[in-house]
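Me: I have a structure to go through with you. Could we take it one piece at a time?

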Amino acid sequence: MSIAVFASGDGSNFEVLVEKSRRQGWPQSITLLITDRPEAPVLERAQRLGVAAMAFRPSDYENKAAYEEAILAELRKQGIQRILLAGYMRIVGPVLLEAYRWRILNIHPSLLPAFQGKDAPEQALNYGVRWTGVTVHWVDQGIDTGPIIDQKPVLVEPGETVDSLRKKIQFVEHNLYPMVVRKWLTGEIHSPEGKE
């Protein structure tokens, strides 16, 4: 039984998850990276870490369902039991949601339900909040609407820039996400249905 990480960009969370999973001896290992962008820098990280990686370009498929069916076939072939979204910039559709019901986690750079969707740090700065943060949640059919598992706050200081706030949020992400995943794998956290 193993884990796939879905990512679209740089992949810093992916790398931290892989490194901590190995260092801490997680009961399930991360064996596959899935990306929707063949040019994504995360692919270089996967190669360096020795994790198998596959790119599925959505425009190569007739529709979203066909795109997800192709991914699902590969996940099943490789015995993937759980999915971690780590900067995956697509809404997960019914094909994957039904196949992996309550077995998909996501990390989001805000204190949900505030600032859902893209560019959450920018949203926080534009809104003028004093606190934002990081949320790990179960994935459902909405955009960052699934049940919350854990959250950590991040202070928005005077003179904060998008770049400085992103770095602070990322630091918290790199600690919170592996901690939550490890608890999930060891049975300390259960799905909304009370299953693993």
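This is a predicted model: local features need pLDDT of at least 70, side-chain atom pairs count only at pLDDT 80 or more; totals for chains, interfaces and linings use all residues.

Me: How many residues does helix α1 have, and how far does it reach?

Reply: Helix α1 (a DSSP run of H or I, at least four residues) covers residues 12-24, which is 13 residues. From first C-alpha to last, α1 reaches 18 Å, close to the 18 Å expected at 1.5 Å a residue.

Me: Which residues of α1 are buried?

Reply: The buried ones (under 20% relative accessible area, 1.4 Å probe, protein chains only) are S12, N13, F14, E15, V16, L17, V18, K20 and S21. Their cover includes β1, β2, α2, β4, β5 and α6.

Me: Moving on, where is L112?

Reply: L112 lies in the loop between β5 and α5. L112 is buried, at a relative accessible area of 5%. Beyond four places in sequence, L112 touches (heavy atoms within 4.5 Å) T135, H137, D144, I148 and Q151.

Me: And E160, buried or exposed?

Reply: E160 is buried, with a relative accessible area of 15%; its place is in the loop between β7 and α6.

Me: What does the side chain of E160 make a polar contact with?

Reply: The partner is the side chain of K168, at 2.8 Å. A polar contact is a pair of N or O atoms within 3.5 Å; within protein, one must be able to donate a hydrogen and the other to accept it, and residues adjacent in sequence count only if both atoms are side-chain atoms.

Notes:
Residues are numbered from 1 along each chain as its sequence is written. Side-chain values use heavy atoms; hydrogens and water are left out. Helices (H or I, at least four residues) and strands (E, at least two) are DSSP runs, numbered from the N terminus. The expected span of a helix is 1.5 Å times one less than its number of residues. Buried means under 20% relative accessible area, exposed over 50%, partly exposed in between (1.4 Å probe, protein chains only).
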